[in-house]
Amino acid sequence: TSPQLKHLNIEYTDGSIDKKWKDAEFPWNQKLEFYNKEVFGNHSFRRNQREVINATMSGCDVFVLMPTGGGKSLTYQIPALISTGVTLVISPLVSLIEDQIMHLLQANIPATFLSASIEWCEQQEILRDLNSKTCKYKLLSDVLIRQLEMMNTHRSLARIVIDEAHCVSQWGHDFRPDYQGLGILKQKFPSIPVLALTATATASVREDIVQALGLKDCIVFRQSFNRPNLWYTVIPKTNKCLDDIDKFINENHFDECGIIYCLSRMDCEKVAEKLQACGHKVSFYHGSMDHRQRTFVQKQWSKNEINIICATVAFGMGINKPNVRFVIHHSLPKSIEGYHQECGRAGRDGQQSSCLLYYTYSDYIRVKNMLSRPNEQDSCSFVYMQVTPSRTGKVLEANLENVLRMVDYCENNADCRRHLQLVHLGEKFDPKNCLGTCDNCSKSWTWIEKDVTNLAKQLVDLVKTTGQRHSSSYILELYKGSLSHVVKKYGHDGLILHGVGKHLAKGVASRVLHHLVVQDFVVESVKRSDTYGSISSILKVNQSRVDSLLSGKETIMLRFPISDKDDFENGRYESAPAKAPYVPNFRSNSDKNKTLDIKTNVLQTK
Ligand code: ADP
Ligand code: MG
Ligand code: ZN
């Protein structure tokens with residue numbers, strides 16, 4: 001990896017931010033305080049806001065990772081006001097832009113935007129006005145590039161902001177083809193500072209964004225993505241799932257606000273209908289509804305006329321309702337980072353909120369089928385720049401890998417959910433700090449520590465003997481003895497280690513491999529194909545770490561639940577005790593009187 005990427009790997013967050021950006025010594029400091037208080041009506045800055053503003057005002061390229069609701073907008077709105085010239089903001093959804101413009105105009109800040117939905121002559125007018133106003137744009141067209149070039153020669157282009165920057169990466173959960181062309185901005189205007197912001201990105205996606213946007217030596221601000229007031233649970237999905245949901249809401253969140261994420265348009269309508277029949281104030285929201293219908297539902301929801309929205313992922317980006325008490329996934333999310341972000345819409349006010357995921361393997365097959373027919377997927381984005389068809393195959397591959405990790409997450413019945421999510425987002429989290437706020441940590445099962453060093457060695461060996469150029473899901477496939485056409489194509493069905501993990505219970509091998517990655521025995525890196533610029537994720541062996549494993553200096557222990565009739569001596573690891581599924585009752589928990597301190601991210605007793 002290139003030198004500017006070294007701080008993008010897994011690490012504890014908040015430790016390494018450069019102190020100098022905290023200083024109040026910058027020349028714009030007084031203005032900064034003034035605008036924050038007088039124009040935006042805030043008492044103080046939130047974590048990293050001042051630092052980001054100082055860095056971008058100093059002319060650096062800046063990359064900001066801040067949880068949803070953390071206050072990213074302010075970090076470019078204030079610089080836009082302090083700097084001379086226009087700040088260009090690129091944002092993926094018209095609804096997001098409209099929302100922001102509304103707020104800015106309310107605060108008497110001149111702002112406007114361009115989008116494919118605006119009449120051509122109106123666009124021309126906006127372009128003419130450009131030099132005198134602060135503008136917001138939706139799209140990137142040739143006309144706009146030329147306009148920007150003109151502005152640049154007049155030195156009136158102050159800064160380029162790329163909001164929801166994870167949309168740049170085809171490896172991410174929310175790739176938008178029209179974002180992929182944004183790399184041209186840095187090429188055309190190398191001296192204009194770029195500010196890229198996102199609330200969700202794995203290490204690979206971060207690497208991808210930095211490369212795709214051409215950010216050189218950018219300063220990275222990140223903070224912990226842990227949301228201590230959210231409770232995470234995975235529940236086996238049966239055919240009485242909707243009754244379970246009704247019961248759960250009545251017992252835990254009666255008359256409170258929630259979002260139920262569904263896979264398809266049909267599902268949304270079906271779930272909404274059922275819950276309505278149960279007496280809940282509910283509506284649905286998906287990409288096949290027209291703009292007016294969607295705005296109507298959103299308004300009903302903000303005015304509390306309805307409590308519950310059954311929605312596809314089309315609903316959510318920029319939704320800013322603080323008192324969402326539960327987020328339920330009626331089916332499998334498409335990626336861990338997408339799941340994390342969707343859950344993140346609950347409990348913005350710091351109050352305890354529930355995140356339930358109903359999982360069945362057959363939903364994986366449904367998601368897989370949807371991915372291979374991308375046109376049927378829900379999307380609100382206006383595709384302005386066409387993506388080259390040759391890339392579609394790779395995008396599909398990356399998406400499949402993402403879903404497979406989600407399956408692993410659901411099938412893991414032992415490790416802390418927070419730990420699993422955060423590690424995926426490149427952050428270390430000690431499960432001890434979960435304090436029983438996820439299903440796995442709160443189980444009253446008896447556990448046994450089991451030495452899995454041998455399995456680990458086999459997996460490492462597989463990574464090595466297959467040339468260190470395959471993804472983790474492929475390695476697991478081999479280990480379990482898959483005879484897929486890809487396996488045959490590479491002749492990997494002839495390997496000695498092919499299928500040695502066949503006897504293991506579901507989820508065991510993937511837990512061991514996951515552990516190897518977290519503990520740095522195996523490193524996950526991004527491979528970029530030169531021909532198409534497409535990327536894939538591959539595993540490589542970290543030899544110095546592995547040596548200590550081979551020499552017996554280190555052993556690997558994992559904990560497993562013990563069931564009554566379990567027989568560990570046979571070398572079999574049982575996946576789960578035959579007990580009733582864990583259904584949380586959050587109300588009965590003593591932690592319900594706790595609230596989250598937004599500043600310190602720590603739970604406090606009321
Ligand atoms: P993000 O884009 O990171 O999801 P937003 O920029 O939409 O978050 O901000 C979320 C909310 O937090 C907004 O209502 C905003 O007014 C508020 N906010 C942002 N910064 C501050 C601050 N320093 N003090 C108080 N409220 C703030
Ligand atoms: Mg935002
Ligand atoms: Zn936990």
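This is a predicted model: local features need pLDDT of at least 70, side-chain atom pairs count only at pLDDT 80 or more; totals for chains, interfaces and linings use all residues.
1. Helix 16 and helix 17 are roughly perpendicular to each other, because their axes cross at roughly 115°, and angles of 65 to 115 count as roughly perpendicular. As for hand, helix 16 passes helix 17 in a right-handed crossing.

2. Who makes that contact? From helix 16 come Leu-459, Leu-462 and Val-463, and they meet Ile-475, Leu-478 and Tyr-479 of helix 17. By class, the contact of helix 16 with helix 17 has six nonpolar residues, with no polar and no charged ones.

3. Staying with helix 16, have a look at Lys-464, which sits in this helix. Lys-464 counts as partly exposed because it has 16 C-beta neighbours inside 10 Å. Its C-alpha atom is 17 Å from that of Ser-510, a residue 46 positions away along the chain.

4. Now the other helix pair. Helix 2 (residues 49–57) and helix 3 (residues 74–82) have axes that come within 9 Å and cross at roughly 45°. Helix 2 and helix 3 are therefore oblique to each other. Here too the hand is given: helix 2 passes helix 3 in a right-handed crossing.

5. On the helix 2 side, the contact uses Gln-49, Val-52, Ile-53, Thr-56 and Met-57, while helix 3 brings Leu-74, Thr-75, Ile-78, Pro-79 and Ile-82. The contact of helix 2 with helix 3 splits into seven nonpolar and three polar residues, with no charged ones.

6. Two residues are worth a check for their backbone angles. Asn-48 is not a glycine, yet its phi is positive, near 75°. Asn-48 is in the loop between helix 1 (29–39) and helix 2. Is Asn-48 buried or exposed? It counts as buried, because 23 C-beta neighbours lie inside 10 Å.

7. The other one is Asp-255, again a residue other than glycine with a positive phi, in this case near 60°. Asp-255 belongs to the loop between helix 9 (241–252) and strand 9 (257–261). With 10 other C-beta atoms within 10 Å, Asp-255 is exposed.

8. Last, the ligand. Ligand 1 is surrounded by 14 residues, and the closest are Asn-42, Gly-70, Gly-71, Lys-72 and Ser-73. By class, the shell around ligand 1 has eight polar, four nonpolar and two charged residues.

Note on methods
Residues are numbered from 1 along each chain as its sequence is written. Chains are lettered from A and ligands numbered from 1 in the order in which they are written. A residue is near a molecule or strand if its C-beta atom, placed from the backbone, lies within 6 Å of it. Ala, Val, Leu, Ile, Met, Phe, Trp, Tyr, Cys and Pro count as nonpolar, Asp, Glu, Lys and Arg as charged, and the others, Gly among them, as polar. Axes are lines fitted to C-alpha atoms, for helices over the stretch in contact, and angles run from 0 to 180 degrees between N-to-C directions. Helices (H or I, at least four residues) and strands (E, at least two) are DSSP runs, numbered from the N terminus. Angles under 35 degrees count as roughly parallel, over 145 as roughly antiparallel, 65 to 115 as roughly perpendicular and the rest as oblique. A crossing is left-handed if the near helix is turned anticlockwise from the far one by less than a right angle, and right-handed if clockwise. Two residues are in contact if their C-beta atoms, placed from the backbone, lie within 7 Å. A residue is buried if 20 or more other C-beta atoms lie within 10 Å of its own, exposed if 12 or fewer, and partly exposed in between; C-beta atoms are placed from the backbone.
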